[in-house]
Structures are given as structure tokens and as C-alpha cells.
Amino acid sequence: MGLTPSYLSKSSTNSPPRRSRSLSPMAPPPQPRATVPVQVAAGGSGSSSSSSSCLFAPPARDYTQDLPDEILALVFASLSPADRSACSLACARWKEVDAATRHRLSLDARAGLGHAAPALFARFAAVTKLALRSARGSGADSLADDAAAAVAAALPSDRLARLKLRGLRQLSDTGLSSLAAAAPALRKLSVASCTFGPKAFVAVLQACPLLEDLSVKRLRGLPDTAGAASAITEEIEFPQALSLRSVCLKDLYSALCFVPLVASSPNLRTLKILRCSGAWDLPLEVITARASGLVELHLEKLQVGDRGLAALSACRNLEVLFLVKTPECTDSGIISVAEKCYKLRKLHIDGWRTNRIGDFGLMAVARGCPDLQELVLIGVNPTVLSLRMLGEHCRALERLALCGCETVGDAEIICLAERCAALKKLCIKGCPVSDRGMEALNGGCPSLVKVKLKRCRGVSYECVESLKVTRGGSFSITLDIVLEHDAGSASENGVQETGQAQITELTDQMAGMDLPTNAAGAQSSTHSRMRSVWSAVRRRFGNPQPQ
């Protein structure tokens, strides 16, 4: 059924009617249909000067009926979830097409979902991605084991490939097991803020032999084994997960109980352990001994040292390594990785300003990882010694970020300009560089297309404009404005916009300045700050237009 004439007749009489067009490639273009205007006289007078309005007859039929279901499905696919749900209620045909082609479904996982599940999944039988979310304040009204069993019985078991569970605090190991048993074709499982424990994942691995991606975040049903060296014992026997390719453990106070699960995945390629408690040197030795095919590894805010990094030498195919705020790691651990993992392409190090990783570790990376393409150093202090070797040995280095590096000055930038011929993107933040160092980029780094400068007070806007002119139109460079009195806040919320938006932010910063309480020095200090701010405005934008 299409749109009825009575629905179309609700449009304003002062606007022309909208005509539907057939999008079918086989249908001829629609011909304009003649309409007969109906003159309605005002005031009962037959004079030609009387006001009148034209009412057009609605189309004879709904032209959207000429659209094939496939075209209608493509239109639905381009809509937002709210718009698509609204369109599905327009008519019976649209509802049927929407139900037959909707592959993603996100549901409010309350206790009553178990009663609605049979009718819901009978309508949306093509769903392949399902998300069950429970609001934080739902409490006991959240989906429990009984309702989960009803949902599992109604699931399209042969189609469901991705399942996401969020905030299901009433769901236990039994509930997750029932959901997993109903989805044997599951390939990706993501759980967060739930209360079941690690034993539930034994049933998941047994029921879902095709599972490739597992993400576990903020579970509350874990045993308290944080910091215990014996936490990786085989107390829970996980089945071998031959298809598992990616595992992410995040914000878990006892993630060590998942070490046997990770170690039982010989084909694992990506491992992310983020902000998890416990000592991780020994677990990393166990994991890399059994899953030596790792290609990507992320370690963030972990208690891991050089012993754990040395264990990574078993992963000869490692290409991506993120070390974020691991203060116990030193140059020795980086050297052990660089000597064995010669395929490394991306290396991110956040030294957390501990000054334990520096030139020696980076020089080892330069010697042992010739295919390095991306290097990000945060709170690490390299000098010309290591940067020269990186430029000479890592010929494929395309992306380099130096953030909070106290030793990176003009000499280091000049070194990069002379030796990094393949460099395309350069980011410098909070480093003591000046115009002298940046001017070296005029003739160096021939492949450079983008430079981002932030909190570099020694670089002027004149130098930035000169670089733009010298390198041409395809070159992009940005310099954030940072006022001396507000350097702390600007480090977190640097100005990214241009034009009037930046002038407005400067004005707001001027209004929030801390003026001196001393009356004698108030006038001179205020005038000095005002002159500094307005000089920055004029250098970048010229004199602002009066409003």
C-alpha cells in the first residue's frame, strides 16, 4: 500500500504539490499530468478582481510503488536509526522491506524484553548485529537470566555474528551461556559493565567456535587476584580458541584470570591490555610462548617492566607496539624488542616523563627496525644522536610525533629535515623549537605535506606563513595560539579553529585573566597583557573589523 490521496491533500494550498518519481532503471520517465485548477471566489462576487486560490488535485496513485524493494532498501540504509524507524511505519510495504533488510538492532535490555523477544525477532529475522544495553539506573529492571533465556530462544541463531552487552548487572554466567549457545555463528563479542565472571567465557568458547574478536571491559564478577603472581594458574580450563584473532582487556581489576584464555589462542594476532591491575611480566611470558604470532600489542598503564618486554622477542611478526605509561620499562626492554622484532612498523611510546627511555633504546630501534613507518614519542627525550640514526636507517618513516620532548630543539628539527626524506606528517607539541629550526623545513623533507605545532612558543606566525608560501598549496601547517599565563589549560584544549573563532577565544581568555590584587601594579600589568594578546591577534589576522 502506498500513500493515500487523503494524506497528500494535507499539504498547504499555497505550495505546489510534490510529485514522486520512479527510480527503477526500466521504467520510463513519468509524464507530467495535467491538473485542473478550481477557482474559489471570495465574498460571493463574480468579479475578476476578487481574490482566489488554486487547489490542485492529488496524484492519481503513489509513484513510490514503482520502486523495487532493492532500491527502497538502499534508501533505508542511508537513513539514521530514528528516521528509518519512522519510515517503517508509513505503510505495510515499507515496514516489510525495513524488517527484511535491517541488520543492526539495539535494544533497551529491561526485564520485559523476554516477553517481547519472540515477536520482535520474528519481524527482524535478518539481524546480524545485536546490542543489548541497560541504563545505569535500571537496577533490578535490567535483563536477568530468565529473560536472557527467552531472548536466546527467539534469536536468529544462524545469522547473528556480533553481540554487544552493556550494563547487564543482573545477568550471571548462566545468562551469558544461554545467549552464547543460541549464537553458534557468533564472530564478535563485546561485554562491558556486567557482573558475570570468567567462567562464563568457557561456555562462550565452547558454543561459538567461530569467535574471532573478544572485548571484555569493566567486569564486576571477577575474583580478587590482583597483584598475585599465582593468578595465572590453570584453575579455569579454557578450551582452545583456534579462531580467536583479537582480544581486548580493559579496566579490569583482576584481568590475570584471563591469561589462560589468551594463551589458549594460538592464532591470536591483536592483544590490548589497558589499565588492568596486577603484575604482567610473567603473564606476558606465558602468552608470548603460546601465541607467538602476535602482530599488534597495546600495553597501557600496566605494571610491566623490561622482563615483560623481553618476552615480546618471541613475537617475530610483531608490527605494531603501543607502550603507554608503563614507567618500569627502560631502554633495555626497548633494545630487546628492537633486536628481534625487525618487522615493526608502528611504535608509540608514552614515557610519562620518567626519562627511562631515550637515545639508546631509539638507536636500537633504528638499527633493528628498518621498516618503521610511524613513531610517536610522548614524554621521551631523544637527541640528535638517535634522530640521525632514525633518519638514516628507517627510510620508510612517514609519520613522526614529538610531544613533551624537552631535548627536541632546533638542532633536532634541522637533523630531521636533512635526513627524513620520506617524512609526510610531523607533529611537534610542547618542544623548545624556534623559527630557526622550522626554517630548515623549507628545503628539507621533500615529501612533507602536513605539520602541526602546538605549545611551541618559539615559533612565530611569520615563520608559519613563510613555510606555506615556500612549500606551495599542497602543504598544510597549523600553529596553536597559547598565552603564557594559560599554558596549562591550552595544553589540554589547544585552539584548532581559525578566523573569528580564534579571536573570540582570545577575547574570552582576556576576560578570564587573573589581574593582580596590588593596586600599584595593576595598571601596568594589565596593559602589558593586553598588548601581548592584541599583538598575537594582529600577527595572525590583522586588525579585526569593528562590529
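Modeller: Lys301 lies in the loop between strand S10 (296-300) and helix H11 (306-311); helices (H or I, at least four residues) and strands (E, at least two) are DSSP runs numbered from the N terminus. This is a predicted model, in which local features need pLDDT of at least 70 and side-chain atom pairs count only at pLDDT 80 or more, whereas totals for chains, interfaces and linings use all residues. Residues are numbered from 1 along each chain as its sequence is written, and side-chain values use heavy atoms, with hydrogens and water left out.

Biologist: Which class of accessibility applies to Lys301 and to Arg275?

Modeller: Buried means under 20% relative accessible area, exposed means over 50%, and partly exposed lies in between, with a 1.4 Å probe and protein chains only. Lys301 is partly exposed because its relative accessible area is 38%. Arg275, at 31%, is likewise partly exposed.

Biologist: What do the totals for the protein chain say about helices and strands, and about buried residues?

Modeller: The chain has 20 helices and 17 strands. Of its 547 residues, 43% are buried. Contact means heavy atoms within 4.5 Å. Among contacts with a separation of 6 or more, 75% join residues 24 or more positions apart.

Biologist: Let us turn to aromatic rings. How many aromatic pairs are counted?

Modeller: Rings of Phe, Tyr and Trp (its six-membered ring) pair if their centres lie within 6.5 Å; planes under 30 degrees apart count as stacked, over 60 as edge-to-face and the rest as tilted. By this rule there are 3 aromatic pairs. One of them is the edge-to-face pair of Phe76 and Trp94, with 6.0 Å from centre to centre and 75° between the planes. Phe76 belongs to helix H2 (residues 69-77) and Trp94 to helix H4 (residues 92-101), so this pair ties together parts 18 residues apart in sequence. Phe76 counts as buried because its relative accessibility is 2%, and Trp94 is buried at 16%.

Phe201 and Phe258 also form an edge-to-face pair, 5.4 Å centre to centre with 75° between the planes. Phe201 is in helix H8 (residues 200-207) and Phe258 in the loop between strand S8 (246-250) and helix H9 (259-263), so the pair links parts that are 57 residues apart in sequence. Phe201 is buried, with a relative accessible area of 1%, and Phe258 is buried at 1% relative accessibility. Ring pairs join Phe196, Phe201 and Phe258 into a cluster.

Biologist: Which residue has its charged end over the ring of Phe475?

Modeller: A charge sits over a ring if NZ of Lys or CZ of Arg is within 6 Å of the ring centre and within 35 degrees of the ring normal. Here the charged end of Arg471 sits over the ring of Phe475, 5.1 Å from the ring centre.

Biologist: Now consider two serines. Where is Ser134 found, and where is Ser336?

Modeller: Ser134 is in the loop between strand S4 (129-133) and helix H6 (145-154), and its relative accessibility of 11% makes it buried. A polar contact is a pair of N or O atoms within 3.5 Å; within protein, one must be able to donate a hydrogen and the other to accept it, and residues adjacent in sequence count only if both atoms are side-chain atoms. Such a contact, of 3.2 Å, joins the side chains of Ser134 and Ser142. Not counting residues up to four places away in sequence, Ser134 touches Asp108, Ala109, Ser142, Arg166, Gly167 and Leu168.

Ser336 is in helix H12 (residues 331-340) and is buried, with a relative accessible area of 17%. The side chain of Ser336 reaches the backbone oxygen of Gly333 at 2.6 Å. With residues up to four places away in sequence left out, Ser336 touches Leu309, Ala310 and Ser313.
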